[in-house]
Amino acid sequence: MTGFNHLAYHETKIGNMHDWTCRYCNLPGSKESTYHMLTECEAFAYKRFTLLGHPFPPPPYDYLSTGKLLGFLREAPIQWLPEDLYVV
């Protein structure tokens, strides 16, 4: 996880957005980041539970296989890339 992506936290840091609050859970104080999506976001708790085996995966994350993580990335409706913002 590099932190370089098109989620609100990074986009705010580089000046493309004005608010890094998660657009999926809208939890005050949340930062829409890779870490938040994979471990904290309430909106994806059930998806994480079904695909990763835990709704809020605790560290260390060495028990999460690459296949499970890729499955989550494919199945979760997250706008990872800027062109995803324009898909209808």
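This is a predicted model: local features need pLDDT of at least 70, side-chain atom pairs count only at pLDDT 80 or more; totals for chains, interfaces and linings use all residues.
## Packing of α3 against α4

Helix α3 spans residues 45-52 and helix α4 spans residues 66-75. Their axes come within 9 Å of each other, and the crossing angle is roughly 145°. The crossing in which α3 passes α4 is right-handed.

On the α3 side, the contact is formed by Lys 47, Arg 48, Leu 51 and Leu 52. Helix α4 contributes Lys 68, Leu 69, Gly 71, Phe 72 and Glu 75. By residue class, the contact of α3 with α4 comprises 4 nonpolar, 1 polar and 4 charged residues.

## Lys 31 in the loop between α1 and α2

Lys 31 lies in the loop that runs between α1 (8-13) and α2 (34-40). Its relative accessibility is 36%, and Lys 31 therefore counts as partly exposed, since that class lies between the 20% limit for buried and the 50% limit for exposed residues.

Lys 31 is 11 residues from Trp 20 in sequence, while the C-alpha atoms of Lys 31 and Trp 20 are 5.3 Å apart in space.

With a relative accessible area of 0%, Glu 32 is classed as buried, because buried means under 20%.

The side chain of Glu 32 makes a polar contact, at 2.5 Å, with the side chain of Arg 23.

Notes: Residues are numbered from 1 along each chain as its sequence is written. Side-chain values use heavy atoms; hydrogens and water are left out. Axes are lines fitted to C-alpha atoms, for helices over the stretch in contact, and angles run from 0 to 180 degrees between N-to-C directions. Helices (H or I, at least four residues) and strands (E, at least two) are DSSP runs, numbered from the N terminus. A crossing is left-handed if the near helix is turned anticlockwise from the far one by less than a right angle, and right-handed if clockwise. Contact means heavy atoms within 4.5 Å. Ala, Val, Leu, Ile, Met, Phe, Trp, Tyr, Cys and Pro count as nonpolar, Asp, Glu, Lys and Arg as charged, and the others, Gly among them, as polar. Buried means under 20% relative accessible area, exposed over 50%, partly exposed in between (1.4 Å probe, protein chains only). A polar contact is a pair of N or O atoms within 3.5 Å; within protein, one must be able to donate a hydrogen and the other to accept it, and residues adjacent in sequence count only if both atoms are side-chain atoms.
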